[in-house]
Amino acid sequence: MNKVRKIWDVVDEFLEFINSMVRIFCVAALAGMTLVVLVQVFTRMIPGIKAPTWTEEMSRYIMIYVAFIGASNGIRQWNNISVDFIFTRLPRIPRLIVDVIIHLTILVFWCLVVYWGYIYFPKVGGRQFSASMGFPLLYAQMSLIIGGVLSILQTIGKTVQLLMGGFKDV
């Protein structure tokens, strides 16, 4: 069991590293989105300067990346929106079973998101182009697959953590 604990510590450290990189990415992306929106706002206020058309679309795509990639941070922190009125009143073993079912349901959801994104996005996103920026929409759609893979990794980590900590005194 001690060897398993050491392996888990290495995996957990790797997942924490991924989480810190996600936080850095999200902060940088939000700063970039703020700058893009400020460019749009200021160019509208200055007479004689035509406001760029790409800023609205760029800020939307950045926000999509932040939402999907940042979801893995929410999973790592386990900051899910939940109504736990009944859940917290369950005895220990049934609560653990329900918690594992919740974790596995979230894992299945993210696996389906990545699978369907992988199947359908190349077919559609490679043929559609951004209206004002002109790049394939596949680049914007990739945020769902990247965020999904990161969320799968974090969900697996949280499930293993639950199982290792949950069953030791049952």
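How many helices and how many strands are there in the protein? There are four helices and zero strands, and from the N terminus on the elements run α-α-α-α. Helices (H or I, at least four residues) and strands (E, at least two) are DSSP runs, numbered from the N terminus.

The model is predicted: local features need pLDDT of at least 70 and side-chain atom pairs count only at pLDDT 80 or more, while totals for chains, interfaces and linings use all residues. Residues are numbered from 1 along each chain as its sequence is written, and side-chain values use heavy atoms, with hydrogens and water left out.

**Overall form**

Along its principal axes the C-alpha trace spans about 70 × 35 × 35 Å. Of the contacts with a separation of 6 or more, 75% are between residues 24 or more positions apart; contact means heavy atoms within 4.5 Å.

The accessible surface comes to about 11,000 Å², and 72% of this belongs to carbon and sulfur atoms. Areas come from the Shrake-Rupley method with a 1.4 Å probe; for residues, only the protein chains shown count as cover. Of the 170 residues, 34% count as buried, where buried means under 20% relative accessible area, exposed over 50%, and partly exposed in between (1.4 Å probe, protein chains only).

**Nonpolar cores and surface patch**

A nonpolar core is a set of buried Ala, Val, Leu, Ile, Met, Phe, Trp, Tyr and Cys residues joined through side-chain atoms within 4.5 Å. The largest has 13 residues, and those with the most contacts inside it are I18, V22, I62, V66, I69 and L150. Two or more residues each come from α1 (2-45), α2 (54-77) and α4 (138-166); α1 gives the most, with seven residues. Not counting residues up to four places away in sequence, V22 touches I69, G70, S72, N73 and L150. Apart from this core lies another, of ten residues, among them I75, I106, W110 and I152.

T159, in helix α4, counts as buried at 8% relative accessibility. Leaving aside neighbours within four places in sequence, T159 is in contact with H103 and L104.

V41 lies in helix α1 and is partly exposed, at 36% relative accessibility.

**Salt bridges**

A salt bridge is a side-chain nitrogen of Lys or Arg within 4 Å of a carboxyl oxygen of Asp or Glu. By this rule the count comes to four, including these:

| Pair | N to O distance |
|---|---|
| R76 and D12 | 3.0 Å |
| R23 and E16 | 3.6 Å |
| E16 and R76 | 3.0 Å |

E16 lies in helix α1 and R76 in helix α2, so their pair ties together parts that are 60 residues apart in sequence. Salt bridges that share partners join D12, E16, R23 and R76 into one network. R76 is buried, with a relative accessible area of 10%. D12 is partly exposed at 22%, as are E16 at 31% and R23 at 37%.
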